[in-house]
Amino acid sequence: MGMSQDNLRGFILAFLSSGFIGASFIIKKKGLRRAAAVSGVRAGYGGYAYLLEPLWWLGMVTMIVGEVANFVAYAFAPAILVTPLGALSIIVSAVLAHFMLKEKLHQLGVLGCVMCISGSVIIVIHAPQESPITSVQEIWAMATQQAFLLYLGSVIVLVVLLILYFAPRCGHTNVLVFTGICSLMGSLSVMSVKALGTALKLTFEGKNQLVYLETWFFMFIVATCVIIQMNYLNKALDTFNTAVVSPIYYVMFTSLTIIASVIMFKVSMHLYPLHCLPDSSVVTVKL
């Protein structure tokens, strides 16, 4: 089945976004290393000297460019299509880490990257068409349904547990702690970004959504989630190899985002055969 015009726009923007974000991991990692060498206190142990490092800010600007493209992509295409395209960032960061950071990517790492990309391609090919949304209040109704509130509460409890209990004890020895915090908060930020992006898109089309408090609430959630994500992503990058952090973060973040999308937007995946079949032969799999 052909891809709609909006889905195609979202695909291109997400594709470009992943390239910028993948490169930003490497630039920020080099900035973190340089800052740690000057101050003697690494970001993973509470140091914030990297805020004075120009190279880290260059990486930050690169990431912002990627995230802006990603933000716009969510306004055009469903999250279940946009998020898996982050697989490209794994390739970019793994290749650049090999040459610029001298971090070796072993055979299992290569296999993991290939599997991630293969899964992303399958999801993109079978991405669902999104139902049109006419108001930010429609998204608010989705976000306040019982099933999503249960997911939201679970995420908050897990994040608090990871930050207060596991991070001080094993955050610097287990890569899943810092990346877990980033991924859990990331799934919430994507839902909020989707809502905010849709609200702005409708506003530019002449349907002003800025008059609704829900739009500003989603903006607040985006800012809060991104700040927490950036803090713990810096800790993860400073403590572990980029070639390890990037794939694990991608897999956890993508999986949680798809789960959140299925719960909130009730999307479904359609599996189509490679050759043309009658409409009655299409198999629909509800996630």
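Me: Which helices each supply at least two residues of the lining of the largest pocket?

Reply: This is a predicted model. In it, α1, α2, α8 (175-204), α9 (213-239) and α10 (242-265) each supply at least two residues of that lining. Helix α2 gives the largest share, eight residues.

Me: What is the volume of the largest pocket?

Reply: Its volume is about 740 Å³. The lining comprises 30 residues, and the closest to the pocket centre are Ile21, Glu67, Asn70, Gln229 and Phe253.

Me: How do the residues of that lining divide into nonpolar, polar and charged?

Reply: The lining of the largest pocket has 19 nonpolar residues, ten polar residues and one charged residue.

Me: Which residues line the largest cavity?

Reply: The lining consists of Leu32, Ala35, Ala36, Ser39, Val41, Arg42, Ala43, Gly47, Tyr48, Ala49 and Tyr50. By class, eight of these are nonpolar, two are polar and one is charged.

Me: Ala43 is on that list. How far apart in space are Arg33 and Ala43?

Reply: Their C-alpha atoms are 9.1 Å apart, and the two residues are separated by ten residues in sequence. Arg33 itself lies in helix α1.

Me: Is Arg33 buried, partly exposed or exposed?

Reply: Arg33 has a relative accessible area of 39%, so it counts as partly exposed.

Me: Staying with α1, what should the span of the helix be, and how far apart are its end C-alpha atoms?

Reply: Helix α1 covers residues 5-39, which is 35 residues. At 1.5 Å a residue, the helix should span 51 Å, and its end C-alpha atoms are 50 Å apart, so the two values agree.

Me: Changing topic, how many salt bridges does a search of the whole structure find?

Reply: The search finds one salt bridge. Glu53 pairs with Arg34, and the closest N and O atoms are 3.5 Å apart. The pair links distant parts of the chain, with Arg34 in helix α1 and Glu53 in the loop between α1 and α2 (54-76), 19 residues apart.

Me: Why does Glu53 count as buried?

Reply: Glu53 counts as buried because its relative accessible area is 9%, and the cut-off for buried is under 20%.

Me: How many disulfides does the search of the whole structure find?

Reply: It finds zero disulfides.

Me: What about the cysteines: is Cys182 buried or exposed?

Reply: Cys182 is buried, with 1% relative accessibility. Cys170 is partly exposed, its relative accessible area being 21%.

Me: Finally, the overall picture. How many helices and strands are there in the protein?

Reply: The protein has ten helices and two strands. Read along the sequence, the pattern is α-α-α-α-α-α-α-α-α-α-β-β.

Me: And what percentage of the residues in the protein is buried?

Reply: Of the 287 residues in the protein, 48% are buried.

Definitions and conventions: Residues numbered from 1 in each chain as written. Predicted model: local features only at pLDDT ≥ 70, side-chain atom pairs only at ≥ 80, totals over all residues. Heavy atoms only, no water. Disulfide = S-S within 2.5 Å. Buried < 20%, exposed > 50% of the residue type's maximum accessible area, 1.4 Å probe, protein only. Helix = DSSP H or I, 4+ residues; strand = E, 2+ residues; numbered from the N terminus. Expected span 1.5 Å × (residues − 1). Salt bridge = Lys/Arg side-chain N within 4 Å of Asp/Glu carboxyl O. 1 Å grid on protein atoms, 1.4 Å probe; cavity = no way out; pocket = protein on both sides within 12 Å on 5 of 7 lines; lining within 4 Å. Points joined across faces, edges and corners; volume = space filled by probe spheres on them. Nonpolar A, V, L, I, M, F, W, Y, C, P; charged D, E, K, R; others polar.
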